[in-house]
Amino acid sequence: MRIEYDIKLGFKDVMIRPKRSTLKSRKEVSLKREFKFLHSPITWSGIPIIAANMDTVGTFEMANALSKAKLFTTVHKHYSKEQWTEFFSRSEKGIENYTAVSTGIGKQDAIRLSENIKANPELQFICIDVANGYSEYFADFVKQTRDKHPEKVIIAGNVVTGEMVEELLLSGADIVKVGIGPGSVCTTRIKTGVGYPQLSAIIECADAAHGLGGQIISDGGCSTPGDVAKAFGAGADFVMLGGMFAGHDESGGDVIERNGEQFRKFYGMSSSTAMDKHSGGVADYRASEGKTVEVPYRGKVEDTVKDILGGLRSTCTYVGASRLKELTKRTTFIRVAEQENKVYTK
């Protein structure tokens, strides 16, 4: 046993200090980024905000809506190859640049993935997703996937430490997903005692990834546009959102009406709700590590997108970053004991 005494930080522990700027308006800020990848020859251009691969967020409907604003969606793994074929047939040209197919790491997952890509060669992005990315088997699966699909962009996670980011990049991942336990419907930290404050995880993992020419996704912990800005300021190349994209017309989840108000069900993919739906229940050897909640109905996701992007542009003007790429270089975090005045809150 050992103890690390360095304090690790989450989004609530810091704010971004403003700096002098020559920008006159938020209109002058460009949020688009272009990435070349460590292994794949593909080049990607867009706004690097991603809908999470949860079946109450990462839907085909969400992908179509977000792609119009050049945002990305990691589509959940429970669609069939036939459904993917139908999706591509009825979607606008170019949708493949803003969608990833998700997979687990079992033998059947590998077979399904290969069959899906064979049936739908338009697929360019693969998201290999597990809650715990620290197993040797996971790194081996990434290697196998790279060997089978050398041209594809591979996203792999989740991890929270630099050495494992390096391991996954060297194993064939192009982008590593960072975050254990920060999600709004994740209970991993409660059930296991394992986790890492998200801001510090981003800072440390980004440093490791960028040294090798890879990228990271900050996955989880954002509840406001300001948190998204902090994630980018800390060095994240992409920011993945779950709860902030839940509850919309394009989201999955049952619609519930109560006292004249509408809600949509939102749950973690390690929750008993998800395992009952997709795996026949919670296995005897494990525990549920996710919550099931009801999110107030929010209408079309485009309004939420405008709110997030507007806040992000405003952050850039406060620190003088004309491009999103410059935000991390212009960011100075200050540690704080409070974030906002909550006298008038609903």
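Predicted model: local features only at pLDDT ≥ 70, side-chain atom pairs only at ≥ 80, totals over all residues.
Visitor: Which are the buried residues of α8?

Guide: Buried is used here for under 20% relative accessible area, exposed for over 50%, and partly exposed for what lies in between, with a 1.4 Å probe and protein chains only. By that reading the buried residues of α8 are P225, D227, V228, A229, K230, A231, F232 and G233. Helix α8 spans residues 225–233 and is mostly covered, with 8 of its 9 residues buried. Helices (H or I, at least four residues) and strands (E, at least two) are DSSP runs, numbered from the N terminus. After α8 comes G235, whose phi is positive, near 120 degrees.

Visitor: How many salt bridges does the model hold, and which side chain meets D129 in one of them?

Guide: A salt bridge is a side-chain nitrogen of Lys or Arg within 4 Å of a carboxyl oxygen of Asp or Glu, and by this rule the count comes to 8 salt bridges. In one of them the side chain of D129 meets that of K177, at 2.7 Å from N to O. This pair links distant parts of the chain, since D129 lies in strand β7 (residues 125–129) and K177 in strand β9 (residues 175–178), 48 residues apart. D129 counts as partly exposed, at 25% relative accessibility, whereas K177 is buried, with a relative accessible area of 1%.

Visitor: What network of salt bridges includes K177?

Guide: D129, K177 and D219 are linked in a network of salt bridges. The closest N and O atoms of D219 and K177 are 3.1 Å apart in their salt bridge. That pair, too, links distant parts of the chain, with D219 in strand β10 (residues 215–219) and K177 in strand β9, 42 residues apart. Both D219 and K177 are buried.

Visitor: Why does the salt bridge of E294 and R258 tie together parts that are apart in sequence?

Guide: E294 forms a salt bridge with R258, with 2.6 Å between the closest N and O atoms. Because E294 lies in strand β14 (residues 292–296) and R258 in strand β12 (residues 255–258), the pair ties together parts that are 36 residues apart in sequence. E294 is partly exposed at 35% relative accessibility, and R258 is partly exposed with a relative accessible area of 38%.

Visitor: Which way do the residues of β9 point, and in what sense do β8 and β9 pair?

Guide: I175 and K177 point one way from β9, V176 and V178 point the other way, and all are buried. Two strands pair if DSSP finds at least two bridges between them. Strand β8 (residues 153–159) and β9 pair in the parallel sense over 4 bridges, and I175 in β9 is the bridge partner of I155. On the other pairing, β9 and β10 also run in the parallel sense over 4 bridges, with V178 standing opposite S218 in β10.

Visitor: What unit do β8, helix α5 and β9 make?

Guide: A crossover is right-handed if, with the strands pointing away from the viewer, the path from the first strand over the helix to the second runs clockwise. Here β8, helix α5 (residues 162–171) and β9 make a right-handed β-α-β unit.

Visitor: Where is a positive phi found in a residue other than glycine, and which peptide bond is cis?

Guide: Most residues other than glycine have a negative phi, and most peptide bonds are trans. K70 has a positive phi, near 65 degrees; K70 is found in the loop between α1 (60–67) and β5 (72–75), and counts as partly exposed at 33% relative accessibility. N259 has a positive phi near 55 degrees, sits in the loop between β12 and β13 (261–267), and is exposed, with a relative accessible area of 74%. The peptide bond from G157 to N158 is cis, with omega near 25 degrees, and N158 is found in strand β8.

Key
Residues numbered from 1 in each chain as written. Heavy atoms only, no water.
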